[in-house]
Amino acid sequence: MRPTPNHSLRGFPTPAFLVLAVIAVFSAATLPASAARQKQPAPRANPQDFVGTWTATFKGSPFMTIRFVMKGDKLTGTMSSGEISLDREGNIIAVTVRPGERPITIEKVEHDTVHLIGGEKNSELRFTLRLKDTTHAQLEIVNPAPSGAVAPKPIQLVKEATKH
């Protein structure tokens with residue numbers, strides 16, 4: 001008797017049938033897990049994760065400081081201001097530090113990101129500060145670069161150790 005195309009000589013399924021069976025079993029096993037992942041709510045933002053002093057340096061010297069504090073249940077803070085010069089790729093090549101700090105406006109906190117507004121009244125800038133881990137973050141300027149200007153690359157920030 002000749003074997004049918006769907007079976008091997010020993011009565012076991014052909015490789016094509018095995019592949020389909022493996023796919024079906026794998027799909028059935030992973031479907032509930034992926035459905036559960038999709039139904040889980042996004043993690044809540046914890047403003048407390050941002051509290052502290054965050055500093056950016058250029059050639060080993062600090063040029064920007066952002067301080068976050070909690071006032072009641074609201075995150076608030078200040079930011080030092082200055083000017084940065086960029087190369088054609090958006091890398092910082094020079095900084096000018098201005099003394100003092102100005103208040104920042106926190107627009108919202110979500111997941112690992114704070115959306116904030118800082119700068120002078122006539123030249124406010126919108127930023128996002130995204131946590132990379134508990135002591136590292138990156139700051140991006142959200143405002144579009146003026147025509148012909150290069151947008152800066154994200155600025156790396158380090159959180160100062162808390163003093164007890």
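This is a predicted model: local features need pLDDT of at least 70, side-chain atom pairs count only at pLDDT 80 or more; totals for chains, interfaces and linings use all residues.
A residue counts as buried when its relative accessible area is under 20%. Phe50 has a relative accessible area of 0%, so Phe50 is buried.

Phe50 has an aromatic partner. The structure holds one aromatic pair. Its members are Phe50 and Phe68, with ring centres 6.3 Å apart and planes at 70°. Angles over 60 degrees count as edge-to-face, so the pair of Phe50 and Phe68 falls in that class. Phe68 is also buried, because its relative accessibility is 1%.

Now step back to the whole fold. The protein has one helix and eight strands. Along the sequence they follow the pattern α-β-β-β-β-β-β-β-β. What do the eight strands close into? They form a barrel, in the order E1-E2-E3-E4-E5-E6-E7-E8, with antiparallel pairing. On average, neighbouring strands of this sheet are turned by 30° against each other, direction ignored. Strands of a sheet pair through backbone hydrogen bonds.

Strand E4 (residues 92-110) and strand E5 (residues 113-120) run antiparallel. Five bridges join E4 to E5. Glu110 stands opposite Thr113 in E5.

Beyond its neighbours within four places in sequence, Lys153 is in contact with Glu89, Gly90 and Asn91. Lys153 and Ile141 are twelve residues apart in sequence. Their C-alpha atoms are 8.6 Å apart in space.

Totals complete the picture. The protein has 164 residues, and 23% of them count as buried. Phe50 is buried, as is Phe68. Consider contacts between residues at least 6 apart in sequence: 39% of these join residues at least 24 apart. The accessible surface of the protein comes to about 11900 Å². Carbon and sulfur atoms account for 58% of that surface.

How values were computed:
Residues are numbered from 1 along each chain as its sequence is written. Side-chain values use heavy atoms; hydrogens and water are left out. Rings of Phe, Tyr and Trp (its six-membered ring) pair if their centres lie within 6.5 Å; planes under 30 degrees apart count as stacked, over 60 as edge-to-face and the rest as tilted. Buried means under 20% relative accessible area, exposed over 50%, partly exposed in between (1.4 Å probe, protein chains only). Contact means heavy atoms within 4.5 Å. Two strands pair if DSSP finds at least two bridges between them. Helices (H or I, at least four residues) and strands (E, at least two) are DSSP runs, numbered from the N terminus. Axes are lines fitted to C-alpha atoms, for helices over the stretch in contact, and angles run from 0 to 180 degrees between N-to-C directions. Accessible areas come from the Shrake-Rupley method with a 1.4 Å probe; for residues, only the protein chains shown count as cover.
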